[in-house]
Each structure stands twice: as structure tokens, then as C-alpha cells.
Amino acid sequence: MSSEPSAPFRYTAALAADIESRWQDRWEAEGTFEAPNPTGDLAPSDGRALPDDKYFIMDMFPYPSGSGLHVGHPLGYIATDVVGRHQRMRGKNVLHALGYDAYGLPAEIHAISTGEHPRDNTLANIANMRRQLRRLGLAHDPRRSFATIDPDFVRWTQWIFLQIFNSWYDPEAGRARPISELVEKLGTSDPAVIDTYRLAYVSESPVNWCPGLGTVLANEEVTADNRSERGNFPVFKRNLRQWQMRITAYADRLVDDLDRVDWPEPVKIMQRNWIGRSHGAEVEFASPAGPIRVFTTRPDTLFGATFMVLSPEHPLVDALTTPEQADAVAAYRREAAAKTDVERQENKEKTGVRTGSTATNPVNGEQVPVLVADYVLMGYGTGAIMAVPDGDARDAEFAEAQGLPTVQVLDGGTLVNSSNDEVSLDGLSVEDAKATIIAWLEKQGAGSGTTTYRLRDWLFSRQRYWGEPFPIVFDESGNAIGLPDSMLPVELPEVPDYSPRTFEPDDAQSDPEPPLGRVEDWVNVTLDLGDGPRQYRRETNTMPNWAGSSWYELRYTDPHNADVVTDPANEAYWLGPRTPGSTGGVDLYVGGVEHAVLHLLYARFWHKVLFDLGHVSSEEPFQRLFNQGYIQAYAFTDARGVYVPAEDVVEEADGTFTYEGRPVRREYGKMGKSLKNSVTPDDMYEAYGADTLRVYEMSMGPLDVSRPWETRAVVGSQRFLQRVWRLAVDEDSGETVVSDEPPTEESLRVLHRTIEGVAADMEGLRFNTAVAKLIELTNHLTKVDDRSRAVLEPLALMLAPLAPHLAEELWTRLGHTGTLTFEPFPVADPQYLVADTVTCVVQVQGKVRAKLEVSPTATDDELTAAALAEENVQKSIDGREVRKVIVRAPKLVNIVV
RNA sequence: GCGCACGUGGCGGAAUGGUAGACGCGCUGGCUUCAGGUGCCAGUGUCCGCAAGGGCGUGGAGGUUCGAAUCCUCUCGUGCGCACCA
């Protein structure tokens with residue numbers, strides 16, 4: 001890079017930095033992006049009415065990492081900023097702010113190794129991130145920023161927990177209700193009864209214990225091969241007393257309401273799969289040990305059930321095992337118990353043993369053998385299946401391995417060999433057969449239609465220090481008691497040691513020990529909860545990282561309210577449904593697809609509970625979701641497989657890559673310190689300026705697609721902004737050179753075509769093509785040397801969402817005194833959208849043979865005549881008979897011979 | 001194994017079923033410059049041809065259509081999700 005620009009007032013990185021910091025200071029001083037609320041401390045002080053049209057836009061908020069940002073991080077923030085700025089120019093009251101998801105493992109690990117309090121480290125990281133992001137010029141309302149660790153925020157996280165704790169799900173009403181109404185309904189306040197209904201409850205049940213992390217984890221945080229998503233440590237099933245959230249009560253609504261939100265289909269599919277609702281039937285098979293209940297999604301194939309299989313853990317196994325089989329079954333169960341879930345899954349070969357008993361198939365009275373096999377899981381359905389080798393590949397495989405019979409019941413899509421004296425399914429379709437047999441089973445009392453879910457309740461407690469404490473104490477009988485609002489927030493005590501007790505990652509028999517449990521004088525408290533001072537024990541687990549992100553959208557709408565989580569008027573204005581049947585929710589939520597199941601499912605669940613309890617008017621937190629892609633980068637390894645700094649790798653003429661003269665291998669992946677391929681926003685600010693970085697990131701490709709970062713291409717965006725600058729400013733004198741002469745007709749046509757296209761692209765989040773159109777306009781104006789105010793003003797306004805600092809500077813130079821933030825976005829004048837002539841393509845047999853310049857109003861006949869008059873067209877027709885002429889006036893004529 | 005998404009120049013990517021490759025990077029040439037850099041102008045899918053023009057071309061093979069990158073079927077490849085879920 002040359003140090004001396006040839007022109008003193010060229011738009012260089014240094015000039016950009018000057019413009020950018022001046023405007024950032026001014027926006028901050030003037031409170032330009034502060035969005036007024038209907039009521040409360042953020043309401044207009046002069047009582048002014050708000051615009052009815054609002055736009056609430058949100059980014060998935062960041063964890064403030066200690067290593068700072070790389071250029072991949074701001075992609076989504078820039079995109080939402082462009083949308084927000086554009087919506088302001090469309091007259092909307094735009095709510096856009098950024099908070100910090102500040103509880104998290106890295107700060108705790110840092111604390112353990114350095115002794116620095118995780119809060120201090122986290123707050124320092126937030127400050128650094130705010131600095132990096134401020135330099136991008138994001139139009140956020142700074143008054144609405146918060147961190148999930150702020151005591152004021154924690155207070156409301158705990159308050160929401162108590163709302164959930166103090167509720168139960170009424171299946172008849174199909175919604176949550178206050179626990180007091182259950183007490184009334186059941187006529188008892190006995191915790192032994194009531195506590196089993198709560199939406200947040202303690203239970204002793206099999207949970208995911210991760211010794212390597214020293215904590216238990218939710219199902220959503222465990223990978224398919226039973227390892228922790230964070231850290232990749234082994235996870236074991238252990239029976240432990242832990243807090244759970246009754247998210248399963250909401251399974252149906254969580255599935256059904258996916259149809260009412262504007263989300264990417266893959267995310268909806270992932271949530272549907274995770275919830276895993278399947279309709280089927282429970283059927284009872286009579287046996288010597290009593291009825292065996294099975295769940296099946298294919299009750300239509302019941303006539304083909306030739307045996308039954310129980311999971312090794314099934315409670316009826318002992319009773320069904322005959323003395324002759326006792327040893328074999330006991331041995332098999334021992335073997336199965338010794339295996340981890342992973343080992344069970346690794347061995348895809350079907351194994352199992354006979355119990356020696358038979359059960360009765362209710363449709364035909366057949367005695368079918370009952371077996372035990374570990375391919376049937378205790379955790380799903382009833383832990384027992386009817387096996388239909390003709391209908392199920394797994395059953396067929398097992399039948400073959402065990403030498404069990406198969407009866408054909410399916411022929412293509414219809415049922416065969418499926419009748420008894422009372423009912424026949426023969427000839428019916430699968431759907432009809434299901435309905436028929438369920439009706440018959442219900443009449444017989446042998447079964448009923450039913451629905452099962454894969455979703456399990458949400459394990460909500462963690463044995464870590466750096467999380468929200470539960471607002472719960474236990475009395476001397478061990479009953480959990482929710483603390484009153486007046487005692488919130490419950491703050492974390494200072495501790496001498498932040499670590500949970502961690503163990504050898506494979507030590508499955510170890511027990512979790514929360515760090516808070518060691519702070520005896522915090523744990524044991526004397527409180528007056530209404531019946532005089534008494535001794536209580538505090539809950540020593542903390543909440544998972546997901547707690548704060550499960551409701552933060554609400555707090556943006558009323559961030560300082562000390563009385564309620566958000567004032568109903570503010571919630572209704574920003575989040576409430578605007579059309580009948582709408583769920584309401586954030587107008588646009590942008591973030592990565594990695595939160596498809598975890599965060600987005602939890603947030604929907606909490607929001608629905610708050611809706612049921614009347615605290616919010618919206619049924620869903622996020623009306624529209626958009627998954628942005630990722631910026632990835634190339635990384636290079638040398639002969640030893642060690643990463644070398646990517647910025648010093650040279651591409652040779654033959655397309656290979658070298659580092660310090662030695663060949664290196666290229667790979668493609670995430671950007672990060674460990675791969676030595678990070679490029680930071682600070683690097684780009686210094687070399688090009690923030691506006692150039694913004695424009696480049698927006699022009700790289702569609703927002704939802706991942707693509708590789710290429711630093712050397714950034715200069716293209718800088719050249720574009722330099723050309724815009726040069727249109728209005730003399731590079732040698734620094735004088736504004738805008739002209740008040742009217743622009744040429746041609747320039748106006750290009751301008752209005754650009755306005756039309758850019759406006760549509762902005763609405764559709766197609767910023768890459770919007771930038772392309774602005775470049776075309778700029779190149780045109782440069783080429784014809786048109787500097788008229790009438791084109792430069794709309795150019796500045798259209799550029800404003802993308803490159804706001806440069807646009808503001810030009811706007812000022814064009815003679816305006818205020819910010820352009822609230823100037824109307826330009827509107828295309830239809831008068832200039834119709835061209836004098838259009839290019840008409842003439843095809844023969846669908847191949848282009850000529851182009852005509854024609855009037856846009858030319859008729860079909862005129863176009864046909866003109867096309868046939870073309871020499872090259874006649875040559876292509878080559879004397880053949882013209883059978884048909886297809887005209888799409890005025891753009892196309894296709895001659896068919 | 002099942003499901004979803006995606007395959008277009010050297011690279012990132014444009015194309016309501018209607019001129020394939022907008023825009024940008026890179027590359028080539030010209031002007032500017034002592035020179036480099038910056039800036040500006042022109043060119044840049046491929047093959048045949050001096051040119052006019054023509055052939056081929058959106059992973060592959062079929063199909064629908066006057067016309068297909070786009071719609072349908074099969075197939076190959078890449079990515080993501082789920083995975084013995086009855």
C-alpha cells in the first residue's frame with residue numbers, strides 16, 4: 001500500500017476513519033438511534049405520539065469471547081443494521097439493540113486458571129467487543145443494551161423461573177395456569193402432590209452426567225455418540241436428583257405453531273424431528289405376566305405381528321422368563337447393562353434371547369413368542385414392541401437372526417391376510433386400515449389411538465459457579481420453596497474457588513458437586529418467608545447458559561423497568577400480533593442455524609408459558625427467522641501438519657501454495673486463532689475503513705450462504721466508494737463539486753431503474769445485488785461525468801443503509817444540516833422506468849439469431865414482421881416453413897419452423 | 001440408512017421458464033507516471049474463423065416445453081440434520 005495518495009482528498013482509509021469517527025460521535029451525542037417506547041422511561045418526554053409502524057429487529061446476541069472478533073462475526077450485525085437503517089427510511093420506528101449473553105464456560109475456565117472473577121473478565125471482554133462494534137457504525141439504541149449477568153437482568157430471569165415453578169399445565173384448558181388454581185382444584189397444598197405438577201420440578205431420573213465438565217447436561221447438549229457438545233467429553237446416564245422443565249407439556253403447541261411463523265424450512269424440520277411427535281396406537285397383548293403394552297405407528301400391520309420384543313430393562317421381563325430361560329435372560333440383561341449406549345448402537349447386529357413365554361395377539365388370538373433384545377429402547381414408547389417382520393426392516397433382520405416366522409400383510413400400499421371374524425383390513429390403504437383397526441381395538445378394550453413424543457423434559461440445573469442461582473430454598477423437610485419477589489435477585493456469593501469438582505472424563509460413577517455447595521454461610525440462611533425466621537438451605541445448582549437467552553427479546557422492549565418484566569403496553573407495541581391469527585414476535589431475527597433446536601426451542605417454550613400466564617400478548621418470540629451463512633477462510637499446513645500464518649502464504653503461478661518457499665496444503669474451514677487464519681475487523685478498519693468493510697461483507701454473496709473470506713477482494717468495495725466520493729468531491733481541492741444542472745434524461749433513467757431494483761433488493765435482504773446496482777449507477781455517472789444534485793442525493797440516500805458514514809458526509813456536503821437517518825428512501829418515478837427502446841431478442845428454434853431495438857409499445861405483429869425482415873433470421877430459417885411465432889412483446893420473438 | 005439443502009468462468013457470485021455469466025476480485029493491453037503504486041479506458045467461458053458469423057457450454061443421463069441453470073425423473077458429488085425412536 002502506498003503511503004502517499006496522489007490526491008490529497010481521496011477517500012482513503014485515513015479519510016474514512018476521520019469521517020466515520022466524527023459521525024459515530026455525532027450519532028451518539030444526538031441519540032439518533034434511540035427508539036421511543038409507548039410508555040415508561042423510554043417514552044418521548046414531550047408526550048409525542050409514536051409511529052404506528054414499528055420494526056423490531058434482533059441479532060442472536062453474542063457471547064463476549066476473550067479473543068475478540070474476526071471479520072466473520074459482524075456479518076449478521078451488518079445485515080441487520082442495513083435492514084434497520086432501511087426500515088427507518090421507510091418511516092418505521094426501529095428497535096435494534098445488542099445485549100450480551102455473558103454467562104458461559106470460557107469465563108469460568110479462565111477464572112479457574114487465573115483466579116480472576118469471571119465477572120471482571122467478562123465485563124472486560126464486553127467492553128472490548130463494544131469498542132470493536134462501535135467502530136462498525138451500527139445503529140443500535142445504546143440505552144437498551146444489557147448483559148445477562150447484570151443483577152437487574154438476573155432478577156427477571158429468576159422471576160420468570162418462579163413463574164414457571166409456580167405454574168402447572170392444565171391439559172383440558174391446553175395452557176399453563178398458576179399453581180394456586182391447582183391447590184384450589186385439588187383441595188390440597190401438600191407438596192408431595194402439588195410439586196409433581198409444577199412446570200419446573202425436581203426429580204430423580206436418568207440424566208446426562210458429564211464427569212469431564214463436572215456437570216449434568218440437557219439432552220439437547222449431548223451429541224448422538226453420547227459426548228458433550230461443548231468440550232466433546234463422554235456423557236453417562238446416571239440417576240440423579242435434578243431440576244427439570246416440563247417442556248413436554250408444550251410439545252403439541254411447539255410443533256403446531258411452527259406452521260404460524262416465517263422461519264426457514266430446515267429449522268422447522270429440525271424442531272419437528274427433535275420433538276418427534278408420532279401418531280399411532282397402544283395395543284395390549286395378554287401374557288401370563290399380565291398385559292404387555294406396546295406402542296406402534298403401524299397398527300394396520302397388527303395381523304403380521306409374529307413375535308414381541310421387550311427392552312432388557314422392561315419391568316415385565318422377570319415375570320415372563322421361564323425357569324429354563326432364566327440363565328440366558330439374566331446373562332443377556334447383564335451384558336446389555338454393562339454396555340454404554342454408544343456400544344449398544346455400535347453393534348448393529350441384532351441380538352436377543354427368548355423369555356420362554358408367549359403372548360396373545362389380540363386380533364387373531366395367535367400365541368406369539370416374547371423375546372428380549374437391546375434394539376428395543378426402554379426410553380421410547382412403552383419399551384416393548386410388537387414385531388412385524390413384513391413391515392419393519394429391523395424386525396425382519398431380527399426375525400431372520402432368530403429364525404422367527406414372517407407373515408405377509410402388505411402388498412404394495414394395501415393390506416392383505418388381515419382379517420378376523422369381526423374386522424377385515426384386506427384391500428384397504430394403510431391410512432384406512434389404521435383408522436379401522438384402532439376403532440376395533442378401542443371397542444375391544446385392547447388398545448387405543450395415541451401419540452408419543454421423542455422430546456424429553458429439559459434438564460435445567462448445572463453444577464457450575466458462573467450461572468444464575470436458583471431463587472429456591474429448601475425447608476427442613478426438603479421441600480422446594482420459591483423465594484418472594486422482594487428477595488430477588490439472588491446473587492452469586494464470592495467463592496474461594498470457582499471450579500466444580502471435575503473428574504476423570506471416563507469416571508462414570510463420580511458424583512456432581514456444585515461449587516456453591518462449598519459456601520456454607522451462603523447455603524444455610526435464616527429467612528422470614530411469612531411464618532417467622534426459619535432455617536433454610538439454598539439450592540446450590542445454577543441455571544444453564546440458555547436461561548438468559550430464553551427471554552431476552554422481552555427485555556429489549558423495556559430494559560429498565562423495575563416493576564415488571566416488560567410493561568404490557570411496550571410489549572404489545574413491539575411484539576404483539578398486528579393481524580388476526582398472527583403469533584406476534586420479533587419482526588426479524590437473524591442468526592446462525594446452530595441454534596435451531598437448543599436456544600430457539602427453549603425461548604419458544606418460555607415465551608408460551610409467559611403468554612399463558614398473561615404476561616405477554618405474543619404467542620411466539622420470533623415471527624420471522626433468518627439464518628445467515630458463515631464467513632469461512634482458508635488455512636494452510638506445512639509438511640509437519642502445523643498451521644502456518646495464512647496471510648503470509650503465497651499463491652504460485654501454477655496454483656499451488658507456499659509459505660517461506662516451502663509448499664503448504666490448503667484447507668477450508670472456520671476462521672480462528674488456532675488455524676492462524678483470522679482477519680479482524682480492526683485490520684480492515686485500518687486498511688480500508690468501516691464503510692468499505694460493511695459494503696464488502698454485504699456484496700460477497702447472498703446472506704444465507706457461507707463463503708470464503710478474501711482480503712485482496714475488499715479493495716473492490718473501496719474503489720466503489722472512492723468513485724462515489726469522487727463524484728461529489730474534488731480529490732485535489734477537497735471542494736464539493738456537485739452541480740445544480742438537471743441531469744440528463746439517460747442518467748434519470750439509470751437512476752430510477754436503480755431505485756426500483758435497490759428498493760426491492762433491500763426488502764428481500766438481497767444486499768449483494770443491491771450493491772451491484774449501486775455500482776452500476778455510480779459507474780454510469782462516472783462515465784458520463786454527471787454530478788447533478790438530483791442524482792447524487794438519491795445515490796447518497798440509497799447508499800446510507802450500507803455505507804452510512806460516507807452517505808451522511810455526502811448528505812452534509814450536499815447542503816443538508818441534519819442526519820439522513822430519517823429521510824425517506826427514494827421512490828422510483830414510473831415515468832423513467834419505461835425506456836425509449838428495448839432490446840428485442842429474436843430466436844429461431846429457441847436460439848438467439850438477432851437483436852432488434854424496438855419501441856416498448858411495439859405490437860406482436862410489428863415485432864414478427866421486423867424479426868422476419870432480419871437477414872440473419874432468414875438465413876437461419878433457411879427456406880423452411882414458419883410453423884409458429886411466439887411473441888412476448890416487447891422483449892422476445894421465437895420463430896418455430 | 002433416512003431427511004433437507006446445494007452443484008454456473010481462474011475465484012466470490014448474477015439471471016419472474018425468455019439474450020447464461022450482472023457486479024466484484026484476478027488476469028491482459030492502453031493512457032497517466034522517471035519508475036512502482038494509485039487512478040482512468042478497453043478486453044477477458046470455450047472451440048472454428050481475418051471477419052461476418054457459427055458450434056459447444058450451468059456436475060452427468062433422460063424428460064416436459066416454441067424455449068430449461070430454472071420444472072420433473074434417475075444418477076454422481078458436497079454440506080447439514082437425525083439415526084435401532086417401533
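These questions and answers cover a predicted model of protein chain A with RNA strand B.

Residues are numbered from 1 along each chain as its sequence is written, and chains are lettered from A and ligands numbered from 1 in the order in which they are written. In this predicted model, local features need pLDDT of at least 70, side-chain atom pairs count only at pLDDT 80 or more, and totals for chains, interfaces and linings use all residues, while side-chain values use heavy atoms, with hydrogens and water left out.

User: How far apart are the centres of domain 1 and domain 4?
Analyst: Domain bounds come from an automatic or database domain assignment. Taken over C-alpha atoms, the separation of their centres is 40 Å.

User: Which residues come nearest to RNA strand B?
Analyst: A residue is near a strand if one of its heavy atoms lies within 4 Å of it. RNA strand B has 58 residues around it. The nearest residues are R10, T297, K350, R394 and N894.

User: Which residue has a polar side-chain atom 2.8 Å from a base oxygen of RNA strand B?
Analyst: A polar contact is a pair of N or O atoms within 3.5 Å; within protein, one must be able to donate a hydrogen and the other to accept it, and residues adjacent in sequence count only if both atoms are side-chain atoms. Y375 uses a polar backbone atom, 2.8 Å from a sugar or linking oxygen. K783 places a side-chain N or O atom 3.0 Å from a phosphate oxygen. The base oxygen is reached by K851.

User: Which helix gives the most to the surface near RNA strand B?
Analyst: Helices (H or I, at least four residues) and strands (E, at least two) are DSSP runs, numbered from the N terminus. That surface holds 22 nonpolar, 17 polar and 19 charged residues. Ala, Val, Leu, Ile, Met, Phe, Trp, Tyr, Cys and Pro count as nonpolar, Asp, Glu, Lys and Arg as charged, and the others, Gly among them, as polar. With seven residues from 767-784, the top contributor is α24.

User: How much space lies in the largest cavity?
Analyst: A cavity is a set of points, on a 1 Å grid over the protein atoms alone, where a 1.4 Å probe fits but cannot get out; lining residues have an atom within 4 Å of a point. Grid points are joined across faces, edges and corners, and a volume is the space filled by probe spheres set on the points. The lining, which includes W466 and R119, has eight nonpolar, no polar and two charged residues. The volume is about 90 Å³.

User: What is the bridge partner of F657 in β28?
Analyst: Two strands pair if DSSP finds at least two bridges between them. β27 (657-659) and β28 (662-669) pair in the antiparallel sense over three bridges. They form a hairpin, and E660 in its turn has a positive phi of about 50°. The partner of F657 is V664.

User: In what sense do β30 and β33 run, parallel or antiparallel?
Analyst: β33 (892-896) also pairs with β32 (884-888), antiparallel over five bridges. Between β30 (838-844) and β33 there are four bridges, including V844 with I895. Their sense is parallel.

Terms used
On a 1 Å grid over the protein atoms alone, a cavity is a set of points where a 1.4 Å probe fits but cannot get out, and a pocket is an open set with protein on both sides within 12 Å along at least five of seven lines; lining residues have an atom within 4 Å of a point.
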